Amino acid sequence: MNELVVMVIAPLLAGVLAWLLDVRGIKEALGVLGAAVPLGYAAVLYERAGEGINVAYTLGGFQITFALNQLSWFFIGIAALVGFTAVLAMVSTAKSSYEWLFALMSLSGVLGVFLANDLMTFFIFWEIMTFASFMMVLKYNKGASLKYFLLSVFGAYAMLIAIGIIYAKLGTFEFSAVQQAMYRDAYAVMLGGQGLFTKGETALIYLLFIIAFGVKAGAFPLHVWAPDAYSETNQSYTSFFSGALSKAGVYGFILMYILMGAKLTYEFGAFRSTTKFGYIIAFIGGLTIVVGGLLAALQEDIRKLFAYSSISQLGYILVGIGVGTALSMQAALFHALSHALFKGLFFLIVATIVYRTGKTEFKDMGGLAEKMPFTFAMAFIAILSLAGIPPLVGFASKWVLFEAVISQNLPILGGFVFFGSAIGFVYLIRFTYAVWFGQRPTDLDDTKDAPLPMAIAMGILALGNVLFGIAPGLVARELNKIFGREVIGGTLYVLDLGFGKYNALLLTIWLVIGIIIAGIVYFMGAKVRRIPVTDTYQAGNPITMDYNLTIRRNFFLPLKETLAFWLRMSFDRLYRDVGRYVEDLAETLRSYIYNGNVQSYAWYLAIVLLILALWGV
Amino acid sequence: MISVYYFGAISLILIGLYAILTKRNILKMLVGLSIMETGVNLLLISVGYVRGKSAPILSEGVSANQAVDPIPQALVLTAIVIGVATTALALSVAINLYERYKTLDVEKIRGLRG
């Protein structure tokens with residue numbers, strides 16, 4: 001059996017076995033083993049990714065083809081790593097064998113998506129992934145899963161139609177064949193010949209792909225499923241959901257560039273220093289950053305906060321992809337890795353907090369740093385990484401992305417990404433203080449630290465955050481291999497873009513020195529005074545509950561009031577309204593047409609017969 | 001020029017259809033249905049008529065090539081039986097409807113309304 005097939009099948013097989021046996025201890029072991037196999041193979045196949053591996057199978061009339069190359073290896077690495085840590089954490093949080101089955105099935109699905117070498121295989125595994133993640137959400141919340149399912153199906157149909165059009169014109173599903181045909185087509189049109197695809201058809205395929213991948217990536221305005229689905233499922237699984245499954249959408253956008261980038265560029269021309277079609281993607285990404293970030297700041301629930309924050313961070317990746325230069329593409333891939341690392345870590349932290357305290361809202365939290373020191377250390381790394389503070393991986397990837405956008409002279413996109421970073425601080429500061437510091441509610445006094453599997457899982461991801469942060473050259477080297485040339489120069493610790501340098505090691509040293517000095521100052525001179533929860537004053541008066549803006553309660557209420565006008569325009573509500581209108585319309589039609597009057601039915605028959613007669617049947 | 005048989009048969013069908021579509025009394029609708037059936041049967045028979053030929057029964061002085069088309073006659077024989085059967089069934093349904101709703105007006109019988 002081929003390595004790639006084993007890699008894709010192993011988690012699914014382990015999941016099915018775990019589900020069938022359903023013995024405590026064995027199912028956990030099976031699950032972890034199933035998730036470890038892809039990770040192990042990803043490590044083993046690293047050397048061979050450069051030359052590429054191809055496999056083809058015929059399965060029930062479908063030609064299933066897999067291929068491993070530098071790009072897919074990069075995504076496989078992300079998915080296998082985040083998948084493994086999430087499954088490890090599930091040892092503590094999973095309640096039934098049902099969860100093992102579908103968590104591992106979605107791991108299989110996402111690996112299949114990244115390894116697929118033709119559009120049909122891509123679609124099949126895309127659906128396996130969607131189905132499994134839908135089942136995971138369904139277990140916890142029916143409404144949220146239904147919303148996720150509807151939008152996913154909408155996206156899947158869009159993709160299926162696009163694939164159908166491509167197949168009808170080209171007669172092939174294979175990536176390389178489609179790519180070459182599209183390339184030839186672009187050239188033929190450029191030379192004044194007759195293209196296979198008209199401009200309208202190209203635009204249609206582009207639009208359908210944007211919908212399909214945009215749904216999965218959580219791009220504005222198709223993001224509405226994500227906050228509910230991310231928060232209403234096993235939080236360990238959410239770490240994989242947000243860290244790896246959303247990358248399938250990102251991978252889809254990159255795939256679209258690979259397959260039809262030349263064609264789209266030629267048909268729609270350029271805008272400023274980028275392509276028009278790319279600019280649209282980047283602009284959607286920018287809106288996603290802003291909307292996701294602002295909404296994240298207004299949440300009162302930790303899980304929701306990080307769900308919106310995940311959406312916001314995915315916006316960066318879309319901006320990078322949209323700008324479309326080699327540098328910005330690398331920046332997007334880099335950020336995809338760091339997003340997986342810090343978001344995976346964040347959701348594991350949330351999972352730990354929820355697992356240990358059973359609470360999800362800010363108002364019930366506080367002072368947990370003392371009780372959960374290890375989790376707090378992990379949270380500290382994740383916060384620094386997401387906020388983009390050197391020397392963690394979040395800074396390196398965001399810095400490359402900023403440079404890529406600025407160097408292309410795109411002011412609006414630049415504004416979006418900078419605003420997104422600022423709003424990132426706004427919501428993270430709240431997480432930092434409301435959960436870890438301040439007074440602790442008495443019912444959290446006997447909270448224990450993370451259980452061992454979760455601690456190991458968090459440790460792995462945190463290590464990734466630190467390692468790739470201090471040595472961003474490791475990632476840059478891999479990314480350069482994808483492009484076959486040195487886009488990001490520099491050494492292991494230094495990133496050199498040609499017009500700017502970032503020395504991670506130097507910054508690390510300075511940071512450590514700074515922390516040591518701060519530590520000395522703290523331990524020498526700081527005085528700690530304990531104050532009770534009620535000991536909070538505002539202009540000399542005790543705070544009333546009417547307008548209580550502590551960090552745990554309505555902290556960003558003024559922001560909410562400022563944004564009130566914009567918050568009224570909710571896409572979530574819009575979709576609900578559309579859904580209700582369709583229901584009403586169907587109800588009206590039903591009660592008028594299916595009215596229970598025999599004579600009306602006779603009329604319908606007569607009319608249909610008349611129409612058929614006039615038609616000449 | 002359309003044959004008088006066709007004209008008559010189709011007129012009967014249309015009259016029956018008119019009764020079904022516009023009359024509100026179920027019994028009148030059933031009368032319409034019967035009229036329609038008669039029209040259909042007549043139409044079928046008239047399709048098989050060949051000018052100047054006799055009945056398709058092989059006997060003295062009548063050879064096979066002197067008979068009208070026998071197939072529509074067999075069809076109509078079947079159709080008449082079916083028609084009678086459906087009418088009987090419909091009438092029994094009408095009786096049941098009257099017992100249940102105390103009316104034969106289709107507008108007022110709303111048991112089928114969803």
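**View 1. Helix H4 of chain A is mostly covered.** In this predicted model, 19 of the 19 residues of H4(A) are buried (under 20% relative accessible area; exposed is over 50%, partly exposed in between; 1.4 Å probe, protein chains only). Helices are DSSP runs of H or I with at least four residues, numbered from the N terminus. H4 covers residues 97-115 and reaches 27 Å from its first C-alpha to its last, close to the 27 Å expected at 1.5 Å a residue (1.5 Å times one less than the number of residues).

**View 2. A:Ile349 sits in the largest nonpolar core.** Such a core joins buried Ala, Val, Leu, Ile, Met, Phe, Trp, Tyr and Cys residues through side-chain atoms within 4.5 Å. Of its 205 residues, A:Phe122, A:Ile349, A:Phe431 and A:Trp436 touch the most other members. Helix H13 of chain A (residues 326-357) gives the largest share, 20 residues. Leaving out residues up to four places away in sequence, the contacts of A:Ile349 (heavy atoms within 4.5 Å) include A:Met378, A:Phe431 and A:Trp436.

**View 3. Here are two aromatic pairs, one tilted and one stacked.** Rings of Phe, Tyr and Trp (its six-membered ring) pair with centres within 6.5 Å; planes under 30 degrees apart are stacked, over 60 edge-to-face, the rest tilted. A:Tyr237 and A:Phe241 have centres 5.6 Å apart and planes at 55°, so they are tilted; A:Tyr237 and A:Phe241 are both buried. The stacked A:Tyr594 and A:Tyr601 lie 6.2 Å centre to centre, with 20° between the planes.

**Notes.** Residues are numbered from 1 along each chain as written, and chains are lettered from A and ligands numbered from 1 in written order. Local features need pLDDT of at least 70, side-chain atom pairs count only at pLDDT 80 or more, totals for chains, interfaces and linings use all residues, and side-chain values use heavy atoms, without hydrogens and water.

Technical notes. Helix = DSSP H or I, 4+ residues; strand = E, 2+ residues; numbered from the N terminus.
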